Amino acid sequence: MKTRKIVWMLTFALVLAFAFPVQQAAAKKVLLKTQAMFSLSMPLLGKPLVWFSDMMEKTSSGEIVFKLYDPGKLVPVTEILEAVSKGHIQAGYAAPAFWMGKVPAAPIFGSVPFGPEGPEYLAWRFKGNGLKLWQEAYDTAGFNVKVFPVILCPPETSGWFAREIKTPKDFKGVKMRFYGLGGSVIEKLGASATMLPPAEIFPSLEKGAIDAAEFSSPYVDVSQGFYKVVKYNYFPGWHQQTSIHELTINKDVWNSMTDTQRAQIEMGVRASLLETQAIGEGSQGAVIKENAEKRGVNNMYWSDEMLAAFQQAWEEVAIEQSAKDAMFKKTWEDLQAFRAEYKIYSDLGFLPRGKDK
């Protein structure tokens, strides 16, 4: 009788188990304190990160929380990568070229003089070897981070000047804030380049510590008020036909996440790239027009002579950097090979583009 009762109870338990399967335990909530390089209120460069954070929390049902901090709140902006690597903070958001002193190849993943536009740059990342090489560059340099592209910016202006620049000789002696590899280019023309953090650019212009500055696209630049100090804004942004900014996550934190959480972040950054491309491409024309009509800005376009001088100087810089660093050389050659193949299609697939089109 006792044996029959035990068998009945086991059978009943099995029925319940199949009828009402035990739910898997909820994944552990991931909180990532994230230091930003750009103000979270800044158009295109900061606000979209807030959008990304909100979307990640919603789509993960609260399991993934990026707690964002404005520049300098946790660590200095120039120490973000190292702080993430050491686990002092769980994640960081920055522009890759700021690490060029420690990772010489890093600028290639952010923007390249005379480089690809946004779609081609993303194609190299996701279809070519771009993502793999980016991770390899940080791994080789000893940084314990997982890196992602998170914000995509449109072509920039190539600088705000107090006076016209008509010939390459006019760059001689100019003190200019310049980002990334482009700074090495203008130095070959006799300028002095410094890569000031965003918050320091306007005060430096206003006080005369620098004579000129490049920062971002017109939609972003207008929020910084450069037009109040300097009135000549030069196009095209030969140095940054697109800019990609990074999200880094401490690799130990990344490895501790579930497969689902990692996949959600990977999808989230791709959504953010699409969101920022739409904002960036769709917000420039009105600002450029208003700059001229309401703010007294002279929208200038570089002469063929100037563009040729920039390109020649860039080719020299690329050769020099490749000779100095094996990872730079490997990455630069890979990007060039991808672009050569891409050009076969782009020469045939797209309508011709020009200032009069």
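Visitor: Which element gives the most residues to the lining of the largest pocket?
Guide: This is a predicted model, in which local features need pLDDT of at least 70 and side-chain atom pairs pLDDT 80 or more, while totals for chains, interfaces and linings use all residues. Residues are numbered from 1 along each chain as its sequence is written, and side-chain values use heavy atoms, without hydrogens and water. Helix H4 (118-126), strand E4 (145-153), helix H10 (259-282) and helix H13 (326-349) each supply at least two lining residues, where helices (H or I, at least four residues) and strands (E, at least two) are DSSP runs numbered from the N terminus. With five residues, the element that gives the most to this lining is H13.

Visitor: What volume does the largest pocket have?
Guide: A pocket is an open set of points on a 1 Å grid over the protein atoms alone, with protein on both sides within 12 Å along at least five of seven lines, and its lining residues have an atom within 4 Å of a point. In this model the lining of the largest pocket comprises 37 residues, and Gly115, Glu117, Pro155, Gln241 and Arg353 are those that lie nearest its centre. Taken as the space filled by probe spheres set on the points, which are joined across faces, edges and corners, the volume of the largest pocket is about 1400 Å³.

Visitor: How many residues in the lining of the largest pocket are charged?
Guide: Asp, Glu, Lys and Arg count as charged, Ala, Val, Leu, Ile, Met, Phe, Trp, Tyr, Cys and Pro as nonpolar, and the others, Gly among them, as polar. On that basis the lining of the largest pocket divides into 17 nonpolar and 11 polar residues, and the charged ones number nine.

Visitor: Which element gives the largest share of the lining of the second largest pocket?
Guide: The second largest pocket, with a volume of about 210 Å³, has a lining of 13 residues, of which Gln311, Trp314, Glu315, Trp332 and Gln336 lie nearest its centre. Two or more of its lining residues come from each of helix H12 (304-324) and H13. The largest share is six residues, and the element they come from is H12.

Visitor: Which residue in E10 is the bridge partner of valine 145?
Guide: Strands of a sheet pair through backbone hydrogen bonds, either parallel or antiparallel. In this model E4 and strand E10 (residues 243-250) run antiparallel and are joined by eight bridges. Within E10, the bridge partner of valine 145 is asparagine 250.

Conventions
On a 1 Å grid over the protein atoms alone, a cavity is a set of points where a 1.4 Å probe fits but cannot get out, and a pocket is an open set with protein on both sides within 12 Å along at least five of seven lines; lining residues have an atom within 4 Å of a point. Two strands pair if DSSP finds at least two bridges between them.
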